[in-house]
Amino acid sequence: MAQIIAVHSFRGGTGKSNLIANIASTMALQGHRVGIIDTDIQSPGIHVIFGLNENKMERALNDYLWGRCNIKDTAYDVTDALIAEQGNTGTVKGSLYLVPSSIKAGEIARVLREGYDVVRLNDGFQELIRTLKLDYLLIDTHPGLNEETLLSIGISNVLVILLRPDHQDFQGTAVTVDVARKLKVPKMLLVINKALPTLNFPDLQQQVEKIYNVSVAGILPLSEEMVQLASKGLFCLRYSGHPISQTIKGMTDQIVGLVVTH
């Protein structure tokens, strides 16, 4: 049975797409069959990290939601991107698929104007898992809380909430945690991103865990290397020995461990 991992942040700009891309890549390197679906339809972008040119994206999630195609027709095998990131010298034991959302202005405007069938979206999740024989499906959610986000959170086996050490993020995260508890999400983890390296990380972790009564899977420092990469690739593969990469590997192990024990 595939496990659904929803990755969410209450506000935009937290680094959610980069985190998802790196966790999914780590899972694939470990031998798992992994899918990512970009449900941030209003502001898509995770395809950029995998070097998937929007001009070559014949189908996107939008096409499935409008009934133009099957969900499997929107899935792109991006496993080769992991190999390329390793200088074509590495091997990938598993597979990684990406369902992008359309970057076309007309498609985004239609979503904003008309909305879409959230039930069809849920059916798409299940069909994708079945047709691609996935071990894990990671959902890149739209920031904040709307109908689609509530669906993604509600059906997830593990909810990963990303926040920055920022008072606005703290307040929004409290709302998300409360909603997730009402939806009876089996497992929750917090990830703190863009923390100043001068902060006391153990104290910050203790403070955040006390506020929400949720485990912090890891704290990622604000990194010059991450800023310089500018979403042009997979950080964990470009900088495999970097503390951020090691922290993300530890987070991935925690997620897999939670799923196994659930």
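Reader: Let's start with one residue. Is Glu107 buried or exposed?

Author: First, keep in mind that this is a predicted model. To sort residues, look at the relative accessible area: under 20% means buried, and over 50% means exposed. Glu107 comes out at 16%, so it counts as buried.

Reader: Okay, and where does Glu107 sit?

Author: Glu107 is part of helix H5, which covers residues 105–114.

Reader: Which residues is Glu107 in contact with, leaving aside its neighbours within four places in sequence?

Author: Here you look for heavy atoms within 4.5 Å of each other. For Glu107, that gives Asn62, Trp66, Arg68 and Ser102.

Reader: Let me try a loop. What is the place of Ser156?

Author: Find helix H7 (147–155) and strand S6 (158–163); Ser156 is in the loop between them.

Reader: What about disulfides? How many are there by this rule?

Author: A disulfide is a covalent bond that joins the sulfur atoms of two cysteines. In a model you look for cysteine sulfur atoms within 2.5 Å of each other, and here the count is 0. As for individual cysteines, Cys69 is at 10% relative accessibility, so it is buried. Cys236 has a relative accessible area of 8%, so it is buried too.

Reader: Now let's zoom out. How many helices and strands does the protein chain have?

Author: There are 12 helices and 8 strands in the protein chain. Its radius of gyration is 17 Å, close to the 18 Å from the globule rule for 262 residues, so the chain is as compact as a globular protein of that length. The C-alpha trace spans about 50 × 45 × 35 Å along its principal axes.

Reader: And how much of the protein chain counts as buried?

Author: Of its 262 residues, 53% do. The accessible surface is about 11700 Å², with 49% of that belonging to carbon and sulfur atoms.

Reader: Last one: how far apart are the mean positions of the positive and negative charges?

Author: Take the 24 positive charges and the 26 negative ones, and their mean positions are 2 Å apart.

Terms used. Residues are numbered from 1 along each chain as its sequence is written. This is a predicted model: local features need pLDDT of at least 70, side-chain atom pairs count only at pLDDT 80 or more; totals for chains, interfaces and linings use all residues. Side-chain values use heavy atoms; hydrogens and water are left out. Helices (H or I, at least four residues) and strands (E, at least two) are DSSP runs, numbered from the N terminus. The radius of gyration is taken over C-alpha atoms; the globule rule is 2.2 Å times the number of residues to the power 0.38. Buried means under 20% relative accessible area, exposed over 50%, partly exposed in between (1.4 Å probe, protein chains only). Accessible areas come from the Shrake-Rupley method with a 1.4 Å probe; for residues, only the protein chains shown count as cover. Lys and Arg count as positive and Asp and Glu as negative; His and the chain ends are not counted. The place of a charge is taken as NZ of Lys, CZ of Arg, CG of Asp or CD of Glu.
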